[in-house]
Amino acid sequence: MSAIAISNFNSSRFVLTGFPGLEANYLWLSIPFSSIYAMVFLGNCMVLHVIRTESSLHQPMFYFLAMLALTDLCVGMSTVHTVLGILWGFFREISLDSCIAQSYFIHGLSFMESSVLLAMSFDRYIAICNPLRYSSILTNDKIMKIGVAILCRSSLLIPPVIIRLKFLNYCRPHVLSHSFCLHQDLIRMACSDIRFNSIYGLFLVISNLLLDAVLILISYIMILHTVLAIASREERLKSLQTCVSHICAVLVFYIPIIGLTMVHRFGKHLSPLVHVLMGNIYILFPPLMNPIIYSIKTQQIRRRVQRLFCLKRA
């Protein structure tokens, strides 16, 4: 057992894991990670700015995209201080209270992103399967209610399992698997009865991430059924092209989650570096890629971004 683990065995502080074996290169590693976080903040702020300032983008599809960009922005803010703090040598430990708070925001924002992606799939379903009633179904009032429902769902279901972490007895070495705190990491170190956390945590995953994934899949099966019934090949392609950005966003979100789950479940023999890399991909890949995907694949966003850069050059 390492000296760090022993010194933290009975304390209320936890050791964050950076990149095992690469400690001598932390300063160099901080450059790409700082660049990634900068791109996350700038990319999502740009999407929010474009949607806010361009009146032609004040439509349901782009309101949901703004929710996604805001969620991604918050995901970046929830981990930047610990990830870059380790690489810049500011700190390697985190208190229990801070760790619990960070895990609340990470998991809550993950559920929020899943819910927003589900709302976006509902938007695409209405737009393609019931286009004549699109504007009457997705009114501003309905979108606001959906936004409030997403916020309540992602923030009010998690506290029971997160608050319980405060009252567990952590008698195993206080060394986290990542450079940020996750619920499953904390209960792994507990010697108390964790059945409630395990069962309720599983319920949250099933009722949020898994249910959302199933409903998104069902919505696309129904969309595909409607699109295939369109006689014109050109119209079929046009309808499907409006879904490409959302499909990419769904894949960018769920593939890292599946990968991290597989690594945690079956990759105990793998190098700790693999766990750390998968954790960082899970946190950073969706917020980094979503602005890029929507800037490239969504014509209205792409044109407005191009105009924005042209104005700045002028």
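This report describes the pockets, the disulfides and one serine of a predicted model.

## Basis of the model

Residues are numbered from 1 along each chain as its sequence is written. Local features of this predicted model need pLDDT of at least 70, side-chain atom pairs count only at pLDDT 80 or more, totals for chains, interfaces and linings use all residues, and side-chain values use heavy atoms, with hydrogens and water left out.

## The largest pocket

A pocket is an open set of points on a 1 Å grid over the protein atoms alone, where a 1.4 Å probe fits, with protein on both sides within 12 Å along at least five of seven lines; lining residues have an atom within 4 Å of a point. The volume of the largest pocket is about 1,300 Å³, a volume being the space filled by probe spheres set on the points, which are joined across faces, edges and corners.

Its lining comprises 39 residues, and Gln184, Val205, Leu260, Thr261 and His264 lie nearest the centre. Helix 9 gives the most to this lining, with ten residues; helices are DSSP runs of H or I with at least four residues, numbered from the N terminus.

## A serine in helix 9

Ser207 belongs to helix 9, which covers residues 195–228. Ser207 has a relative accessible area of 18% and is therefore buried (under 20%; exposed is over 50% and partly exposed in between, with a 1.4 Å probe and protein chains only). A polar atom of the Ser207 side chain lies 3.4 Å from the backbone oxygen of Leu204.

## The second largest pocket

The second largest pocket has a volume of about 510 Å³. Among the 18 residues that line this pocket, Arg124, Lys238, Gln241, Thr242 and Gln300 lie nearest its centre.

## Disulfides and other cysteines

The structure holds two disulfides (pairs of cysteine sulfur atoms within 2.5 Å). One joins Cys99 and Cys181, with sulfur atoms 2.0 Å apart. Cys99 lies in helix 4 and Cys181 in the loop between helix 7 and helix 8, so this pair ties together parts that are 82 residues apart in sequence. Both cysteines are buried.

The other joins Cys171 to Cys191, at 1.4 Å from S to S. Its S-S torsion is about -75°, so the disulfide is left-handed. Cys171 is partly exposed at 23% relative accessibility, and Cys191 is partly exposed at 36%. Cys45 is in no disulfide, the nearest cysteine sulfur being that of Cys74, 10 Å away. The sulfur of Cys243 is 8.8 Å from that of Cys129, the closest, and is too far for a bond; Cys243 is buried, at 1% relative accessible area.

Conventions: Helices (H or I, at least four residues) and strands (E, at least two) are DSSP runs, numbered from the N terminus. A polar contact is a pair of N or O atoms within 3.5 Å; within protein, one must be able to donate a hydrogen and the other to accept it, and residues adjacent in sequence count only if both atoms are side-chain atoms.
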